[in-house]
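Q: Got this one up on my screen and want to talk it through. Can we go over it bit by bit?

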Amino acid sequence: GDVARARSLLKQLDAVAPTRRLRAEALLYLCDCLWCDMRQIRPLLEQAYSEIGAGGDLDLRIELLVDLAWVGILGGDLAQGRRCARAALRLAERRGGPAYLSRALLAVGHAEFFLGRDVEQTMVRAVSLQSALEGRQILTSPRRKYGAHLMWAGDLDGGRRELERDRE
């Protein structure tokens with residue numbers, strides 16, 4: 001619960017970490033403590049990604065790219081958000097497994113939706129993975145995100161149906 005102390009410890013770890021992966025992980029966790037301050041988060045995520053490099057740990061690369069996608073989406077740089085989300089999706093498809101694939105699909109869906117693209121197939125694909133995510137810690141479910149997208153697109157009945165299914 002002591003966020004200031006957590007930030008301090010993570011900054012210290014970044015400075016003395018013996019491996020590039022550990023430095024990247026410290027930076028990633030530091031971003032979690034910055035509460036959506038995109039001006040601070042973006043350079044830290046970019047630094048973390050450069051620490052692990054293009055041939056680094058696949059799971060960590062996917063996680064960093066998804067977070068960079070959300071920084072772009074939430075920070076108003078939709079083109080950057082889309083690029084990172086698509087890169088994360090390519091890696092997640094190569095890796096396999098529902099957790100990374102679902103997160104990447106949701107990021108692609110969000111970025112492309114706000115760019116005016118049809119994201120129905122992308123969002124339905126993310127929702128199809130939801131049952132495999134049960135028991136995992138996720139901020140929001142694919143079905144909840146899809147329901148919100150339907151509502152934003154004007155399909156209030158469809159959005160309500162998805163949100164009610166998610167609640168159940």
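**Charges, helices and overall shape**

Q: What's the relative accessibility of Arg103?
A: Arg103 comes out at 31%, so it counts as partly exposed. The cut-offs are under 20% relative accessible area for buried, over 50% for exposed, and partly exposed in between, with a 1.4 Å probe and protein chains only. The areas themselves come from the Shrake-Rupley method, with only the protein chains shown counting as cover for residues.

Q: What kind of model is this?
A: A predicted one: local features need pLDDT of at least 70, side-chain atom pairs count only at pLDDT 80 or more, and totals for chains, interfaces and linings use all residues. Numbering starts from 1 along each chain as its sequence is written, and side-chain values use heavy atoms, with hydrogens and water left out.

Q: OK, back to Arg103. Which side chain does Arg103 meet in a salt bridge?
A: That would be Asp67, at 3.1 Å from N to O. Arg103 is in helix α6 (residues 98-114) and Asp67 in helix α4 (residues 58-75), so the pair ties together parts that are 36 residues apart in sequence. Asp67 has 18% relative accessibility, so it counts as buried. A salt bridge here is a side-chain nitrogen of Lys or Arg within 4 Å of a carboxyl oxygen of Asp or Glu.

Q: How many salt bridges does that rule count?
A: The count comes to 13. One of them joins Arg23 and Glu51, whose closest N and O atoms are 3.0 Å apart. Arg23 sits in helix α2 (residues 20-32) and Glu51 in helix α3 (residues 38-52), so this pair ties together parts 28 residues apart in sequence.

Q: Are those two buried or exposed?
A: Arg23 and Glu51 are both buried.

Q: And what does Arg125 form a salt bridge with?
A: Glu93, with the closest N and O atoms 2.8 Å apart. This pair links distant parts of the chain, 32 residues apart: Arg125 is in helix α7 (residues 120-128) and Glu93 in helix α5 (residues 78-95). Arg125 is partly exposed at 35% relative accessible area, and Glu93 is partly exposed at 41%.

Q: Which residues are linked in a network of salt bridges?
A: Arg21, Glu25 and Asp57.

Q: Switching topic: how many helices and strands does the protein chain have?
A: Ten helices and zero strands. They are DSSP runs numbered from the N terminus: H or I of at least four residues for helices, E of at least two for strands.

Q: What about the overall dimensions?
A: The C-alpha trace spans about 55 × 35 × 30 Å along its principal axes.

Q: What percentage of the residues is buried?
A: 46% of the 168. One example is Leu64 in helix α4, buried at 0% relative accessibility. Its C-alpha atom is 11 Å from that of Ile41, 23 residues apart along the chain.

Q: Last one: which residues gather in the patch of negative charge on the surface?
A: Asp118, Glu120, Asp155 and Asp157. Patches take residues with over 30% relative accessible area and no salt bridge, joining like charges within 9 Å, or nonpolar side chains (Val, Leu, Ile, Met, Phe, Trp, Tyr) within 5 Å. Lys and Arg count as positive and Asp and Glu as negative, while His and the chain ends are not counted. A charge is placed at NZ of Lys, CZ of Arg, CG of Asp or CD of Glu. Asp157 lies in helix α10 (residues 156-167), and it's exposed, with a relative accessible area of 62%.

Technical notes. Areas by Shrake-Rupley, 256 points an atom, 1.4 Å probe, with all protein chains shown as cover.
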